[in-house]
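Here are some exercises to work through with the model open beside you. Try each task before you read its solution.

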Amino acid sequence: MSRYCNPVRHIIFYLLIISTVIIISWKNYETKTKGGGKEALSTFELEPGFKIELVADEPLISDPVDMEIDEYGRMYVVEMHGYPLDKAGSGKIKLVTDSDGDGRMDKSTVFADSLTLPNSILRWKKGVIVTDAPYVFYFEDTDNDGRADVRDTLLTGFALSNPQHNLNNPVYGIDNWIYLAHEGAVGTQSYKEEFGDPGSEVYYPRHPESPRLARNASGRSVRFQPDKFLLETVSSNTQFGHTFDAWGHYFLVSNANHIFQEVISASYLKRNPELVVSNATQSISDHQNAAEVFPITKNPQHQLLTDVGVITSACGITSYLGGAFPAPFNNVTFVAEPVSNLVHVDRIKENGVSFTASRSHPNKEFLASTDSWFRPVNMYVGPDGALYIVDYYRQIIEHPEWMGEEVVKSGKLYNGSDKGRIYRVTLKNAAPAAWIKGLRLGDFSTGELIQQLANPNIWWRLNAQRLLVDRLDKKGVPELIQMAGNTKSPYGRLHAMWTLEGLGELTTGVIEQALKDPIAGVRENAIKLAELHFSHSPGLQTLLLALRDDPNKKVRFQLLCTLGSVNTLEASQVRNTLLFRDLNEPWVQVAALSAGGSHSTALLKAVIDSFRNTNPAYTSLVERLSTMIATSEKPKVVRQLVQQAVARGTGNAAIWKGALLKGLSRGIKNEQLKTALKEEQGQLLNALFANSSKPVRAGVLDLFKVIGLESNATTDKAKTWAAALAGNPQQPTEKRVEAIHFIALSNPAPYASLLKDLISSSEHPSIQVAAMQTLSALAGTTVSQYLLTKWTDLTPDIRNEAINTFLTDTARITILLNALEKGTIQKSAIGWPRSVRLMAQRDFRLRDRARALLTKDESESMKVNKDYQPALSLSGNAVNGKQIFFRNCSGCHQIRGSLGVEFGPDLGTIHNWSAEAIMANILAPNLSISSGFDLWTVELKDGGSFQGVISTETPTAITLKNAGNEIRTIKRSEVKSLKSLNMSSMPGGLEKQINQQQMADLISYLKQNK
């Protein structure tokens, strides 16, 4: 059974069901117009021990994207009717209530309307903050009629681009700042007029003298304090949603990357402009980005450029801090995945200065629906500790920028816009939601609010803190100080400190006490608070030094970040102590170097003197330091370091010298410095061809790529030498590759013939790739035309690199599309990301042609499939299907590493495919050959031959295996020719062995998540 690669999987799926989806969709739409949220409850599979209840649905609400419950138990719902293309002002904010106390909302009032694409809401002061790009609005109802009569624009200037990428989700942090999820404007080709606004300066329009951020906030998330007119960018960005854990650690989300963390704050990175850090975040999932998901959807409906079977639309990330769920769900994050109709959950575990996010189950989601219209987009932890799930409930959730034109014109984009649901997830024995009958937190006395700072539920803690800071009641300060010493509640101590800070009443004594707290999270936050008080309490700097031996890595990391602002000898010594203690943590290196100052050269010397070649952390630190030095020091200092690096050395010296050169090359930007370093060209050339250290030679190449080559007789001689070296098979491979890269430093045209000869199956793969990349640097289509003549000789790894050379300009893309059309290159060789790139490129002519080619119906291959269509409507028996698998498929395939022979692709993840796609590949294995599973014939120099799938390849040998489980390893030196047959390794004709019912049974078995 062929398991085809992602692009073809999607494309064939798209074609196979396009005719049936129209009929099914219409029938489903008719059914859904008659049903409602109550009927939807039967479609869910939920984590055992939990229950799901309907709180609100149509016609009360429709198109919900966010919700908020205020201190009086009033529920606000944001309705975004305009998605994806309507900017007519149809968006609304509704107040919904339960008049009969049955736990289900039955009355709604339009609180605010005439909004463009509103997507999120936050309670603030006596009203709500709403994000509706390019604006952040504040709405308030001053006459208590349930409708806002105050509409104030707090911020403006954000981009209005693809609605999936507009600013969203205001969140009140424990530090009393409001955080806005945001990322850079996403360019659109098809809808430039409607959604091509790149944004402008971000600022308070009613207070033009207040701080301003660069255009569209430089594509980063933003935090602000509206009552103080404070406004800042943070160091990261996120797509739709963001969340904090109980201690203020910041988690983000973006489509395929369902959870990553902002590790270091913008304020620390700003203080040292010489430190080059392009990414302040770290992915923390231990099951990868674009993680596999386990939907249970019946008749899933995916669009042309939608990745199937993996996380592709992650949003609404929410840390569960409600205090009502048992372990392990008391320390998890939930992420919505609307394309696959499910909610994913991760257990969060400590991992040094960061975290690790792990699945709760290996092959099951927390919540999934069989209904393809279930579109969870956001979540909310309520005052009852329940998890509320906002269901946008649409037939199509993808944006039309990424779908086929026929779908856009079908009229389905807004199917479901009159629907929407909000669900409540609790433990099975949980009591009804009492808040629905009303709350009185807003009427609590100051003392009562202070007691709520110790509540196990974050909703009560954070709202109590917000109300206390808003009231500015200084009479509560003594009681807050008492709460800051509450030995029974770490959360109470934490929120009391930040509340005192928000009131301007935090004392040195409270901070000093917290620095000694037994809970690491309290100590970590105490360090942050101490930093805010350095100017009027300098004695806190001395107190912080005592934490150098703190047992917790996150506390030490925060201490290192904070001490970067303390310019004393003692602080510098402690920073170095912390750096070398946790040197293996890359973020610790960043934190230490963010301190700036003129200590880089001295620290570099200290690192070199103590260099350990067995510890890669020393290498990375040398690279970072030398990059900073190249950015900030005078040319004389940099030249001395280059001379030191190219001087002959062995052992430890060889490694740190290579790292030094690599780091210097990254930091060199100044033209004066580049000119100065050309004076060292003779020494550098000598080191490149004569130095015995590979890291040093690599570092020299990196330097040449930056400073360039002087054109003179010495350089010409070096090129001639390099060409001879590259073409000499008796020379070491690594030196031949280096010689090819040297040729690439200037015009490689004179060496085109040599480079072509090196693209041969008898050569080491790294030599082939280097030659190909260098040849690709030539203008025109020389490399493309040549690679087509060699295509059947290229092994899978080389083909993968070769495809990249076709994507550099429109002329080469045209040649690639021609090759696809002729069948010279198979669609499966393109790969899913590159298919998306081709089908979404700026050139509309090439884009449309790519879409036509990559979605082309292989009609002849579908004849047998047509005869088996009735099998798709039969009820399959998975138990019988398992026996059919053993008889017909297990000789070549395994399922998740077991139950068969490892020859063809593992079938463990095809449960995410449609039944149509699975059957198509069973019946027509050559329809799409999975990359790496096509058949090859090897002819040997001694006259022998072997046919099979290439399982592995190394610089010196190739290993093939065939369906008989025979494995043959062949030296490259023994190979006369190696050619692809462009055939699947799976034999056809399975339709002759199983009937339609058996096909249904086999599909049922393969679609199990087991």
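A residue counts as buried when its relative accessible area is under 20%. Keep in mind that this model is predicted.

**Exercise 1.** Decide whether Arg-123 is buried or exposed, and describe its surroundings.

*Solution.* 
Step 1: Find the residue along the chain. Arg-123 lies in strand E7.
Step 2: Apply the cut-off. The relative accessibility of Arg-123 is 4%, so this residue counts as buried.
Step 3: Look for a polar partner. The side chain of Arg-123 makes a polar contact with the side chain of Glu-71, at 3.1 Å.
Step 4: Leave aside the neighbours within four places in sequence and list what else Arg-123 is in contact with: Glu-68, Asp-70, Glu-71, Arg-74, Tyr-76, Val-128 and Arg-466.

**Exercise 2.** Work out how the rings of Trp-124 and Tyr-138 are arranged, and which parts of the chain this pair ties together.

*Solution.* 
Step 1: Know what to look for. A pair of aromatic rings is described by the distance of the centres and the angle of the planes.
Step 2: Start with the whole structure, where a search finds 28 aromatic pairs.
Step 3: Take one of them. Trp-124 and Tyr-138 are 5.6 Å apart, centre to centre, with 85 degrees between the planes. An angle over 60 degrees counts as edge-to-face, and that is the label for this pair.
Step 4: Trp-124 belongs to strand E7 (residues 120–124) and Tyr-138 to strand E9 (residues 135–140), so the pair ties together parts 14 residues apart in sequence.
Step 5: Check burial. Trp-124 has a relative accessible area of 11% and is buried; Tyr-138, at 7%, is buried too.

**Exercise 3.** Describe the pair formed by Phe-334 and Phe-366, then find the cluster that includes them.

*Solution.* 
Step 1: The ring centres of Phe-334 and Phe-366 are 4.8 Å apart and the planes make 65 degrees, an edge-to-face pair.
Step 2: Phe-334 is in strand E22 (residues 332–337), while Phe-366 is in the loop between strand E24 (354–359) and strand E25 (367–369). The pair links distant parts of the chain, 32 residues apart.
Step 3: Both of these residues, Phe-334 and Phe-366, are buried.
Step 4: Ring pairs join Phe-50, Tyr-320, Phe-325, Phe-329, Phe-334 and Phe-366 into a cluster.

**Exercise 4.** Trace the open sheet that contains strands E11 and E16, and say which strands are at its edges.

*Solution.* 
Step 1: Strands of a sheet pair through backbone hydrogen bonds, either parallel or antiparallel.
Step 2: This open sheet has 4 strands in the order E11-E12-E15-E16, with antiparallel pairing.
Step 3: The edge strands are E11 (168–172) and E16 (230–233), since each pairs on one side only.
Step 4: Neighbouring strands of this sheet are turned by 20 degrees against each other on average, direction ignored.
Step 5: Zoom in on E12 (residues 178–181) and E15 (residues 222–225), which are joined by 3 bridges. Leu-180 has Val-222 in E15 as its bridge partner.

**Exercise 5.** Find out how many residues of helix H13 are buried, and what caps its N-terminal end.

*Solution.* 
Step 1: Among the buried ones are Val-555, Phe-557 and Leu-560.
Step 2: The cap is Asn-552, with a side-chain oxygen 2.9 Å from the backbone nitrogen of Lys-554.

Methods
Residues are numbered from 1 along each chain as its sequence is written. This is a predicted model: local features need pLDDT of at least 70, side-chain atom pairs count only at pLDDT 80 or more; totals for chains, interfaces and linings use all residues. Side-chain values use heavy atoms; hydrogens and water are left out. Rings of Phe, Tyr and Trp (its six-membered ring) pair if their centres lie within 6.5 Å; planes under 30 degrees apart count as stacked, over 60 as edge-to-face and the rest as tilted. Helices (H or I, at least four residues) and strands (E, at least two) are DSSP runs, numbered from the N terminus. Buried means under 20% relative accessible area, exposed over 50%, partly exposed in between (1.4 Å probe, protein chains only). Two strands pair if DSSP finds at least two bridges between them. Axes are lines fitted to C-alpha atoms, for helices over the stretch in contact, and angles run from 0 to 180 degrees between N-to-C directions. A polar contact is a pair of N or O atoms within 3.5 Å; within protein, one must be able to donate a hydrogen and the other to accept it, and residues adjacent in sequence count only if both atoms are side-chain atoms. Contact means heavy atoms within 4.5 Å.
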